[in-house]
Amino acid sequence: MDNLIICDRCGSDACYVDEVNQDIKTYFCYGCGFQTNSLMVEDGEFLSQQKEILPELYKDLFHKDEKGKVWMPSAINLHEKGMIFANGPSAFDWHWSAVKSVPVKEEEKHKYPNPKKPGEHYKFRMDMDTIKNFSEKEFMDALSYIGVIPE
Ligand SMILES: [Zn+2]
């Protein structure tokens with residue numbers, strides 16, 4: 001990947017930058033699992049919208065870097081792979097939780113209807129039995145766990 005820079009939050013060299021347009025860049029750090037973009041600034045409209053929908057823990061984990069960007073934990077949700085989210089009672093006591101998705105079996109299809117496509121069923125479901133916790137710095141291990149990147 002050629003768009004990797006040093007992360008302004010954690011200092012790792014695994015921060016992926018994407019230029020959406022002239023004014024907006026998105027940042028996704030594989031080192032710490034946090035993300036931000038050019039619109040995520042204090043008192044900004046985008047950030048106040050995020051505050052309305054984000055869980056408390058995500059808001060508690062907001063981190064403003066030296067350049068004024070506000071970072072938040074990412075949330076991964078991939079139907080055929082699994083999900084990763086920040087989990088825990090507080091910003092001082094949290095971890096990443098990763099859950100694998102598994103194929104829906106023939107006999108349980110009725111339990112997983114696809115609301116967007118009447119008559120069809122989801123092919124995968126999140127299997128909460130597979131939930132595994134990872135520390136903040138182990139975000140990449142969590143990605144491997146659900147099969148997004150090779151082990
Ligand atoms: Zn980082």
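Me: What should I know about the model before reading numbers off it?
Reply: The model is predicted, so local features need pLDDT of at least 70 and side-chain atom pairs count only at pLDDT 80 or more, while totals for chains, interfaces and linings use all residues. Residues are numbered from 1 along each chain as its sequence is written, and side-chain values use heavy atoms, with hydrogens and water left out.

Me: What order do the strands of the open six-stranded sheet have?
Reply: The order is S1-S2-S3-S4-S6-S5 with antiparallel pairing, where strands are DSSP runs of E of at least two residues, numbered from the N terminus, and two strands pair if DSSP finds at least two bridges between them.

Me: And which strands are at the edges?
Reply: Strand S1 (4–5) and strand S5 (63–64) are the edge strands, each pairing on one side only.

Me: Switching to rings, how many aromatic pairs are there?
Reply: A search of the whole structure finds eight, counting rings of Phe, Tyr and Trp (its six-membered ring) with centres within 6.5 Å; planes under 30 degrees apart are stacked, over 60 edge-to-face and the rest tilted.

Me: Why is the pair of Tyr-27 and Trp-71 called tilted?
Reply: Their ring centres are 6.2 Å apart and their planes stand at 55°, so the pair is tilted. The pair links distant parts of the chain, with Tyr-27 in strand S3 (residues 25–29) and Trp-71 in strand S6, 44 residues apart.

Me: Is Trp-71 buried or exposed?
Reply: Trp-71 counts as buried at 0% relative accessibility, where buried means under 20% relative accessible area, exposed over 50% and partly exposed in between (1.4 Å probe, protein chains only).

Methods: Helix = DSSP H or I, 4+ residues; strand = E, 2+ residues; numbered from the N terminus.
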